[in-house]
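Open the model in a viewer and keep the sequence panel beside it.

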Amino acid sequence: MSTFQAISVARLYRLIANQIKDKISSGGYGTGERLPSERELAEMLTVSRPSVREALIALEIEGWVDVRVGSGVYVTAPESRLTIGEAASAAQGTAAPMDIGAADLIQARLLVEPYCAELAARNATAEQLKDMEAATLILPGSEQPSKHNDRLHLLIAEASGNAALASTVQNLWTLSENSAIFNKLNQHFVYDEVWEVAHKEHLPLLRALQKRQPAAAKRAMRDHLLGISSRLGLDASEDKDM
């Protein structure tokens with residue numbers, strides 16, 4: 001069994017990052033050198049590629065590597081490197097966000113948001129459905145697609161009719177906004193074409209809500225969240241090398 005296999009997923013990326021950092025510090029990888037690919041690192045450490053991706057993003061935030069999508073991950077000069085606390089402060093003003101990885105956040109959303117969509121298909125008012133439609137249709141071509149995306153998801157949570165679930169979703173969105181790793185992944189992998197795909201995933205969700213189809217709404221939300229996971233490279237079956 002790998003050293004990493006018994007470790008909580010919530011901290012796995014940090015342990016992997018430390019392993020790579022130790023290799024850099026000992027001279028195993030020099031300044032300017034390209035690191036092995038995600039696949040090669042995953043095989044070397046006997047861990048998943050998504051966990052390696054989060055580890056590399058954490059190292060980029062700390063200034064240890066430079067992630068160049070489509071080219072690779074390169075070791076930076078020692079003077080650019082920060083401590084964990086310094087990196088967290090530079091990114092968000094607090095050390096806490098560094099503790100929550102993107103995979104954990106998506107997993108939590110997968111547990112909560114599909115059920116919210118199911119309930120919303122039953123409980124949403126006509127006014128709430130109208131607001132959801134507006135948030136969905138305004139996204140394509142918008143200069144602030146994330147704003148409308150966020151609004152749609154939060155509207156669905158509110159329309160569930162369950163205040164505790166709505167509060168949970170709001171907290172998950174706040175955690176995502178404050179997650180340095182989640183934000184860095186978005187910077188690298190979320191662009192105009194990705195928002196177009198997200199919009200196409202929103203449409204069947206909206207239709208299921210409007211037609212009061214709980215099972216279809218639940219399934220559409222789950223498919224959408226799995227799509228997000230795949231696009232960020234957090235799905236091992238879909239991720240791509242950096």
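Contact here means heavy atoms within 4.5 Å. By that criterion, residues 24 or more positions apart account for 72% of the contacts in the protein with a separation of 6 or more. This is a predicted model, in which local features need pLDDT of at least 70 and side-chain atom pairs count only at pLDDT 80 or more, while totals for chains, interfaces and linings use all residues. Residues are numbered from 1 along each chain as its sequence is written, and side-chain values use heavy atoms, with hydrogens and water left out.

**Whole chain**

Select everything and colour by secondary structure. Helices (H or I, at least four residues) and strands (E, at least two) are DSSP runs, numbered from the N terminus. There are eleven helices and two strands, in the sequence order α-α-α-β-β-α-α-α-α-α-α-α-α.

Switch to a surface. Its accessible area, from the Shrake-Rupley method with a 1.4 Å probe and, for residues, only the protein chains shown as cover, is about 11600 Å², and carbon and sulfur atoms hold 51% of that. Of the 242 residues, 49% count as buried (under 20% relative accessible area; exposed is over 50%, partly exposed in between; 1.4 Å probe, protein chains only).

**Nonpolar cores**

Select Met 132, Ile 156 and Leu 209. In the largest nonpolar core, which has 55 residues, these three touch the most other members. Such a core is a set of buried Ala, Val, Leu, Ile, Met, Phe, Trp, Tyr and Cys residues joined through side-chain atoms within 4.5 Å. Helix 3 (residues 49-61) supplies the largest share of this core, seven residues. Another core, of ten residues, lies apart from it and includes Val 112, Cys 116, Leu 154 and Leu 165.

Stay on Leu 209. Beyond its neighbours within four places in sequence, Leu 209 contacts Ala 117, Ala 120, Ala 121, Leu 129, Met 132, Ile 156 and Ala 217.

**Helix 7**

Select residues 145-159, which form helix 7.

How many of the 15 residues of helix 7 are buried? Eleven are, so the helix is largely enclosed by the rest of the structure. Among them are Pro 145, His 148, Asp 150 and His 153. To see what covers the buried residues, show the elements that include helix 5 (102-123), helix 6 (126-137), helix 8 (163-177), helix 10 and helix 11 (214-231).

Asn 149 counts as buried because its relative accessibility is 7%. Outside the four places on either side in sequence, Asn 149 is in contact with Leu 139, Trp 173, Trp 195, His 202 and His 224.

**Helix 10**

Select Leu 203, in helix 10 (residues 192-210). Buried or partly exposed? Leu 203 is partly exposed, at a relative accessible area of 26%. Leaving aside neighbours within four places in sequence, Leu 203 contacts Thr 136 and Leu 137. Draw a C-alpha to C-alpha distance from Leu 203 to Thr 136: it is 7.3 Å, across 67 residues of sequence.

**Charge over a ring**

Finally, select Arg 68 with Tyr 74. The charged end of Arg 68 sits over the Tyr 74 ring, 4.1 Å from its centre (NZ of Lys or CZ of Arg within 6 Å of the ring centre and within 35 degrees of the ring normal). Then select Lys 23, which lies over the face of Tyr 29, 6.0 Å from the ring centre.
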